[in-house]
Amino acid sequence: MEKFTTHTGIAVPLRRSNVDTDQIIPASYLKRVTRTGFEDGLFAAWRADPGFVLNSPAYAGASVLVAGADFGTGSSREHAVWALMDYGFRVVVSPRFADIFRGNSGKAGLLTAAVSDGDGELLLKLLEEQPGASATVDLQAKTIECRGVVVPFDVDDYVRWRLLEGLDDIALTLRHADLIADFESRRPAYLPVTTPA
Amino acid sequence: MAGTLAEKVWAAHVVRSAQGEPDLLYIDLHLLHEVTSPQAFDGLRLTGRPLRRPDLTLATEDHNVPTLPGPIEDPTSRTQVETLRRNCAEFGVQLYPMGDAKQGIVHIISPELGLTQPGMTIVCGDSHTSTHGAFGALAFGIGTSEVEHVMATQTLPLAPFKTMAVHVDGALPPGVTSKDVILAVIAQIGTGGGQGYVIEYRGSAVEAMSMEARMTMCNMSIEAGARAGMVAPDETTFSYLQGRPHAPQGAQWDAAVAAWRGLVSDADATYDAQVRIDAASLTPFVTWGTNPAQGAPLGAAVPDPESFADEGAKLAAHKALEYMGLSAGTPLREVAVDTVFVGSCTNGRIEDLRVVAEILRGRRVADSVRMLVVPGSAQVKVQAEAEGLDAVFTAAGAQWRLPGCSMCLGMNPDQLAPGERSASTSNRNFEGRQGKGGRTHLVSPAVAAATAVLGRLAAPADLVPA
């Protein structure tokens with residue numbers, strides 16, 4: 001995984017709450033068996049509307065998404081994270097994220113920056129007043145700077161450490177293979193196996 | 001120390017715990033389907049890692065499968081299913097493919113095979129994995145990176161959850177089901193209300209519920225943002241499990257039940273949050289908007305977005321009514337639908353089909369309505385046909401289909417056309433969920449059946465006697 005320390009890019013204000021993963025990428029785009037190329041499905045239904053914010057030329061090349069509360073609700077599809085990243089986003093900012101989406105983001109290297117309701121609204125206003133403005137997200141300091149205003153954000157300490165170091169979760173876990181084997185030797189005998197009964 | 005049910009199951013699965021790091025939890029059962037697994041199998045191949053415990057892994061084909069006879073026509077859907085078959089063969093994973101007697105929606109087949117048992121940790125690359133919590137298992141949906149992690153290590157690093165008790169006390173009135181309970185809970189706490197929590201459903205109304213009803217409720221915990229929902233196992237749980245193919249037998253059964261009886265929250269355990277619902281006050285509940293929290297009693301009217309105090313909720317309601325083509329103040333009972341869908345991991349079990357058949361017996365589906373009845377699994381289909389339910393459905397003018405996820409999500413041929421409106425027993429009313437431009441009202445099986453007869457949102461009590 002690529003290391004994440006600080007990132008500066010054009011920030012898009014998406015003034016919607018409850019952006020569910022069916023909106024981020026509709027199910028019809030989930031049929032691929034590869035890991036890349038999901039950018040065409042990102043917000044597919046909304047992008048059909050010429051007035052949708054991402055269709056504005058001011059946001060070409062945007063890499064920071066600032067949205068309303070409860071971002072990433074619904075389906076566990078990690079394709080939602082891949083679609084955002086394939087499109088070019090490195091950071092999503094919201095007052096609240098759905099758990100599974102946030103977990104998936106941390107694994108794939110997309111930073112989910114949780115801000116207060118007030119700061120979320122402030123960022124949306126700053127970006128709407130000046131379309132195409134940039135934001136700088138500093139993971140070390142846990143701050144977002146936009147048009148001279150600096151707001152703090154929350155991220156899980158462990159996820160932050162992994163993102164800063166660019167570490168692969170599976171390799172970290174496999175360092176403890178002996179503990180896993182030891183646990184397996186103590187599991188109750190009545191637990192089921194999936195081989196046909 | 002006193003603990004809740006969720007905390008006890010968690011503690012029994014900790015492989016490693018270290019300050020400042022998430023606990024490493026052992027996973028007892030990993031369920032796979034064709035949509036969220038291909039990139040994970042690819043990850044194993046790229047890194048040369050084996051799948052650690054094929055014997056704790058089970059796969060089925062559900063999201064993409066057509067529910068009419070014949071092969072998968074869509075080439076990308078077919079590729080996804082064929083990829084799963086190749087991957088399962090290569091890594092030695094048991095797969096129940098389309099047409100197999102044990103195939104079905106992943107969250108329906110695992111309980112009916114007896115693989116879902118109390119106290120287990122169960123994961124699947126599907127958010128509705130919360131269904132299995134009905135047995136007192138800690139079960140939750142994961143993303144594809146985590147699927148690969150479980151394949152490689154049979155563990156997951158997990159940050160601790162908070163706990164929430166949802167007490168449902170009293171008796172549910174006739175015609176009110178666990179689907180109405182969970183829709184009311186979600187409307188009360190919101191789509192983010194359960195975020196960070198494992199919900200435990202408690203109280204006399206929950207104790208009185210069948211396993212099927214408990215599964216419906218736990219299934220939709222994720223729609224309140226909760227990672228999982230649980231019910232403490234009891235005699236209802238044990239009698240459901242006993243004799244199922246993968247349930248323990250003989251002395252192992254006795255040992256298991258003895259252990260399972262300890263899976264209750266201690267009397268002095270504390271929860272981080274509590275919600276109380278008076279069962280007797282509930283009525284059939286339906287959604288009017290585009291997220292599962294935008295719901296109201298069937299007897300109510302479409303709300304006025306301006307009546308919401310919160311600016312975000314106001315804006316969301318305006319957008320929802322625009323998408324749904326509804327006007328504030330319209331009585332929900334006057335909303336006409338053109339499609340009724342009965343099925344999904346929420347309400348595709350035999351008990352759900354019995355409720356629908358009971359209402360449709362001697363009645364006709366309205367001419368303006370197409371009704372799909374889709375069993376959740378091949379075993380549900382066989383059982384329903386043995387009971388003659390399929391004949392009731394077809395005599396009423398409904399379509400009796402093959403098992404699969406069907407119209408719950410737009411990945412297979414069963415979809416709404418733009419502008420079409422459904423009453424659906426599924427779990428999500430998101431924009432386009434059932435097909436691009438489709439409009440979804442979430443309902444219980446009983447409301448779905450009555451709606452099919454009258455052609456507008458209705459409860460069984462609205463029907464003239466058959």
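Modeller: Welcome! A word first: pLDDT is the predictor's confidence in each residue, from 0 to 100. You are looking at a predicted model.

Biologist: Thanks! What is the mean pLDDT of chain B?

Modeller: In chain B, 100% of the residues reach 70 or more. The predictor also scores the complex, with a pTM of 0.95 and an ipTM of 0.94. For chain B, the mean pLDDT is 97.

Biologist: In which order do the strands of the open sheet in chain B lie?

Modeller: Strands β1 (14–16) and β8 (155–158) of chain B each pair on one side only. The pairing is antiparallel, and this open sheet has three strands. From one strand to the next, the twist averages 40°. The order in chain B is β1-β2-β8.

Biologist: Which residue of β2(B) is the bridge partner of B:V14?

Modeller: β1(B) pairs with strand β2 (residues 23–26) of chain B through two bridges, in the antiparallel sense. The partner of B:V14 in β2(B) is B:L25.

Biologist: Which helix of chain A lies across β1, β2 and β8 of chain B?

Modeller: Look for a helix of chain A running at about 150° to β1(B). That helix spans residues 177–185 and is α8 of chain A.

Definitions and conventions: Residues are numbered from 1 along each chain as its sequence is written. Chains are lettered from A and ligands numbered from 1 in the order in which they are written. This is a predicted model: local features need pLDDT of at least 70, side-chain atom pairs count only at pLDDT 80 or more; totals for chains, interfaces and linings use all residues. Two strands pair if DSSP finds at least two bridges between them. Helices (H or I, at least four residues) and strands (E, at least two) are DSSP runs, numbered from the N terminus. Axes are lines fitted to C-alpha atoms, for helices over the stretch in contact, and angles run from 0 to 180 degrees between N-to-C directions. Two residues are in contact if their C-beta atoms, placed from the backbone, lie within 7 Å.
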